[in-house]
Amino acid sequence: MKLREWIDKIKPNFVEGGKFPWLKSTFEAFETFAFTPKDTTTRGSHIRDAADMKRTMITVVIALLPALFFGMWNVGHQYALTTGEVMGFWAKFWFGFIRMLPLIVVSYVVGLAIEFMFAQIRGHEVNEGYLVTGIIIPMIVPISTPLWQLAIAVAFAVVIGKEVFGGTGMNFMNPALIARAFLFFSYPTHMSGDAVWISAKHFGDALTGATPLGEAMTSTAASGSEMIASMKYSALEMFLGTVPGSIGETSTVAILIGACILLMSGIASWRIMLSVVLGGGCMGLLFNAIGANAYMQLPFYYHFIMGGFAFGTVFMATDPVTSAQTNCGKWIYGFLIGAMAVLIRVLNPAYPEGMMLAILLMNCFAPLIDHCVVASNISYRKKRAQAQLKK
C-alpha cells in the first residue's frame, strides 16, 4: 500500500538519531490513526484485538453522527420556521452545516493543539480521547456561541479538566461537560435564555426561540395539563427533534440510533443508560405525586425528551473514564444521575439543564461509589468464608 510505504520511508526521521526526534509523538499519532500499530507485547497476558483505543473512539464518533447531522438540518429548519423563508431539505442542512463547521474546527484545532503540545513536552504518545470530546463540545453548546468563547472553554477543559491529571484515562470529570460548565458560569447570557438559539450574529435579524425546557421553566400554568397545552411544541416534536436546542440534544430518535451503535459494539454500558432513565423516571413520578406546582405535575416522561437528558444519558454518563467501574456501582451511579438531573431541573430554575450538573457531580462521587461496592463485596465474602469455616 502506497501510504504504508511512504510512512515507513519517512519514519526514521522521527526516531532518535533522525532529523525530527522531537516530533516523534506527533508522527506516531498520525501513523496509528491510519494503521494499527505493528508493535505487540512480548510477555504477560493480553487481549489481541484490532479495536484499539482510536478505533473505539471512532466508533463513538460514528454513533454521534445521526444526532450531529440531524442537528445541522434542524438549525436550518428552525431558521426557516422563524423567518418564514421557504427552504428545501438540503438547503436547511447546508445552512446548519455552514454554521456548525466553524465550531467543530475551533474545537478540534484548539483541543488537539494543546494535546499535541503536552504530548511533545512529556515525550508521551498523543492521547486519543479528544477525538470524541472535540465533536461533543460543539454539539452541546448553542449554535450562536462566539468562537473565541468556545476556544477559551476548550482550552480550559483540556488543560484543567484533563491534562493536569495526566491526560486521557486519568481525568475524573468529563472534559466536554467541563467546557459547557465553564461557558455556562462564565458567559451565562450566551448559554441561556431565548436568544441563544437563533441570534442576530448568525441570522441577521434579532430572532428568539425558546427551547421546550425554557418554556417549562418560565411557564405560569396552574397545572401540568395547562403547561402541556401552553407549550409551543408537542411531545412528538420533542421526540423527533424539530425544536430549538443545542445541536446534539434535540432529536431523541437520532440519539437512540447512536445508543444502539454503542450498545451493539459493547462500548457503552447498558446498565448506566437504563439506570439513568430509571432514576429520572422515579424522581419524575415522585414530583407527580407531590404536585406542588405545574412543573412537578408535568408527566415524568417529558423529562426524557426535553433538554439534554437523552444525550447525556447515552454519550456523557457512559464515559468509561469518569463513570463507575463496578457493575453494581454503575446502577447506583446512573440512578443518581437521573434522579439528580430531574431534581435540579424542577427545584432550581436557575439551572434548567440539570443533566450537566448531575453528571459532573456524580463524576466526583464515582470513585467513592466503586470503593463502597468493593468494600461491601470484601466484607460479604469475608463473612461467608467465616461462616463456612464454622461449619
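Reader: Where is the place of Thr-318?

Author: Thr-318 sits in the loop between α16 (309–316) and α17 (327–347); helices here are DSSP runs of H or I with at least four residues, numbered from the N terminus. This is a predicted model, in which local features need pLDDT of at least 70 and side-chain atom pairs count only at pLDDT 80 or more, while totals for chains, interfaces and linings use all residues. Residues are numbered from 1 along each chain as its sequence is written, and side-chain values use heavy atoms, with hydrogens and water left out.

Reader: Is Thr-318 buried or exposed?

Author: Buried means under 20% relative accessible area, exposed over 50%, and partly exposed in between, with a 1.4 Å probe and protein chains only. Thr-318 counts as buried because its relative accessibility is 8%.

Reader: Which residues does Thr-318 touch, not counting residues up to four places away in sequence?

Author: A contact means heavy atoms within 4.5 Å. On that basis Thr-318 touches Ala-268, Ser-269, Ile-272, Met-273, Thr-313 and Ser-323, with residues up to four places away in sequence not counted. The side chain of Thr-318 also reaches the backbone oxygen of Val-314 at 2.6 Å. Between Thr-318 and Lys-330, 12 residues apart along the chain, the C-alpha atoms are separated by 9.1 Å.

Reader: Where does Tyr-233 lie?

Author: Tyr-233 is in the loop between α10 (224–230) and α11 (235–240). Tyr-233 is buried, since its relative accessible area is 9%. Pro-212 is 21 residues from Tyr-233 in sequence and 6.9 Å from it in space, C-alpha to C-alpha.

Reader: Which residues touch the most other members of the largest nonpolar core?

Author: A nonpolar core is a set of buried Ala, Val, Leu, Ile, Met, Phe, Trp, Tyr and Cys residues joined through side-chain atoms within 4.5 Å. The largest one has 84 residues, and Leu-64, Met-100, Ile-136, Met-139, Phe-311, Tyr-333 and Ile-337 touch the most other members. Helix α3 (residues 53–83) supplies the largest share of this core, 12 residues. A second, separate core has 14 residues, including Met-227, Met-231, Tyr-295 and Ile-305.

Reader: At what angle do helix α4 and helix α5 pack?

Author: Axes are lines fitted to C-alpha atoms, for helices over the stretch in contact, and angles run from 0 to 180 degrees between N-to-C directions. Helix α4 (residues 89–122) and helix α5 (residues 130–139) pack at about 145°, with their axes 9 Å apart. Among the residues that meet are Met-100, Leu-103 and Tyr-108 in α4, and Tyr-130, Ile-135 and Met-139 in α5.

Terms used:
Helix = DSSP H or I, 4+ residues; strand = E, 2+ residues; numbered from the N terminus. Polar contact = N/O pair within 3.5 Å; in protein donor to acceptor, adjacent residues only side chain to side chain.
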